[in-house]
Amino acid sequence: MAPPDRLSVRWVVAGLAAVGVAVAAGLLVGPVSLAPLAVGRELAGLDSGLSAQEATIVWQFRLPRVVLGLLVGAILSLAGGSYQATFRNPLADPYLLGVAGGAGFGATAMIVQRQTSQLAGLVPVGAFAGALAAMGLTYGLGAAGGGGAGWGRGGPGRAGAKVRPGRSSMSLVLAGVAVAAFFTAMQTYLQQRNQDDIRRVYAWILGRLATSGWHEVLLLLPYATVSMVVLLLARRGLDVLSLGDEEAATLGANPRRIRLVVVLAATLGTAAAVAVSGLIVFVGIIVPHTVRLLVGPSARVVLPLSVLFGAAFLALTDLLARTVMAPAELPIGVVTAFLGAPFFVVVLRTSRAELA
């Protein structure tokens with residue numbers, strides 16, 4: 001058996017197989033039945049025998065949606081695993097720092113201004129700006145109340161200061177809760193002042209992976225790439241951080257710098273994902289926690305596998321959302337919440353000792 005801090009080939013193969021199954025199912029299942037062999041030949045650039053309409057369904061409808069689901073699932077899962085390793089809290093997810101509240105407010109602000117032609121199509125921009133603003137506010141509040149451990153100006157603790165391990169992380173968590181509540185209140189206020197737009201706002205809040213060709217994929221791809229590369233490179237630092245701030249500092253690590261880099265990268269990816277897909281909850285808890293139970297706690301193992309299994313999970317969840325009530329379509333956020341709520345309870349019950 002592979003050491004707990006090394007990737008096992010069989011788990012990588014399992015993750016790639018899960019992604020392959022998700023891609024195949026997403027391309028083949030739908031109102032229009034397509035032959036698997038014909039779709040495979042079409043993707044390979046060979047003569048597939050598909051009609052022009054069927055080829056359009058593959059290239060402009062199903063494939064972009066599957067790829068978007070893979071990207072969103074990968075970044076939400078990776079961000080969740082990164083937050084959990086950073087804060088040593090199995091209940092942390094990409095919305096811990098108020099990102100969801102900020103993104104919801106930014107998107108709502110754009111939606112209710114739809115009558116202004118210059119704002120048309122800027123809902124993702126508003127969501128992105130709101131998410132980053134919320135992250136900045138959370139980080140500022142957390143740093144002010146962190147007691148200097150990890151987040152304060154003194155790096156991994158001021159000279160001579162005795163700070164309880166994890167105190168700074170808890171300050172950041174509490175700041176995130178406060179910021180999320182603030183932005184949610186502002187969003188609710190906008191909705192009440194613009195009741196004609198409530199339906200559109202709710203449709204975005206509940207999450208969706210509907211695409212208009214490849215636009216959303218291309219919008220998300222650069223941010224997701226930067227975020228995932230940074231987080232995967234930081235996974236060794238996260239393993240060192242798991243030893244505690246004082247121990248990490250004695251090994252030459254800078255806990256404050258590691259946390260800052262991870263929080264910025266995870267929030268960048270989360271904000272971009274939220275901007276194109278709306279609020280899709282619990283992915284960042286379900287996938288990395290399941291992976292951790294299967295392969296152990298090392299971030300060097302959990303984070304890469306979270307990318308693979310998170311991508312497959314959301315692509316398959318989206319398939320469920322668009323087929324379970326066909327021809328109607330469930331918001332994907334409803335499906336992930338239905339799956340994630342009982343999972344959250346299980347994690348909470350099994351994590352009491354860790355969170356005490």
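These are some notes on the predicted model above, point by point.

1. Ground rules. Because this is a predicted model, local features need pLDDT of at least 70 and side-chain atom pairs count only at pLDDT 80 or more, while totals for chains, interfaces and linings use all residues. Residues are numbered from 1 along each chain as its sequence is written, and side-chain values use heavy atoms, with hydrogens and water left out.

2. Overall make-up. The protein has 15 helices and zero strands; these are DSSP runs numbered from the N terminus, with helices being H or I of at least four residues and strands E of at least two. Of the 356 residues, 51% are buried, where buried means under 20% relative accessible area, exposed over 50% and partly exposed in between, with a 1.4 Å probe and protein chains only. Take the contacts (heavy atoms within 4.5 Å) between residues at least 6 apart in sequence: 76% of them join residues at least 24 apart.

3. The H4/H5 pair. Helix H4 (residues 99-111) packs on helix H5 (residues 123-144) at an angle of about 145°, and their axes are 6 Å apart. Axes here are lines fitted to C-alpha atoms, for helices over the stretch in contact, and angles run from 0 to 180 degrees between N-to-C directions. From H4 the contact uses Val-99, Gly-102, Ala-103, Gly-106, Ala-107, Met-110 and Ile-111, and from H5 it uses Val-123, Gly-126, Ala-127, Gly-130, Ala-131 and Ala-134. By class that gives nine nonpolar, four polar and no charged residues. For the classes, Ala, Val, Leu, Ile, Met, Phe, Trp, Tyr, Cys and Pro count as nonpolar, Asp, Glu, Lys and Arg as charged, and the others, Gly among them, as polar.

4. The cavity. Searching the whole structure turns up one cavity of 30 Å³ or more. A cavity is a set of points on a 1 Å grid over the protein atoms alone where a 1.4 Å probe fits but cannot get out, and lining residues have an atom within 4 Å of a point. The volume of the largest cavity is about 30 Å³, volume being the space filled by probe spheres set on the points, with grid points joined across faces, edges and corners. Its lining consists of Gly-26, Arg-65, Val-66, Ala-315, Asp-318 and Arg-322, which divide into two nonpolar, one polar and three charged. Helix H3 (52-87) and helix H13 (299-323) each supply at least two of the lining residues, and H13 has the largest share, with three.

5. Ala-74 lies in H3 and counts as buried at 4% relative accessibility. The C-alpha atoms of Ala-74 and Leu-308 are separated by 6.5 Å, although the two are 234 residues apart along the chain. Leaving aside neighbours within four places in sequence, Ala-74 touches Met-228, Val-307, Gly-310 and Ala-311. Ser-306, in H13, is buried as well, at 0% relative accessibility.

6. Backbone spots to look at. A cis peptide bond joins Ala-326 and Pro-327, with omega about 10°; Pro-327 sits in the loop between H13 and helix H14 (332-350). Phe-282 has a positive phi, near 75°, in a residue other than glycine. Phe-282 belongs to the loop between helix H11 (255-277) and helix H12 (283-295), and is buried with a relative accessible area of 18%.

Technical notes: On a 1 Å grid over the protein atoms alone, a cavity is a set of points where a 1.4 Å probe fits but cannot get out, and a pocket is an open set with protein on both sides within 12 Å along at least five of seven lines; lining residues have an atom within 4 Å of a point.
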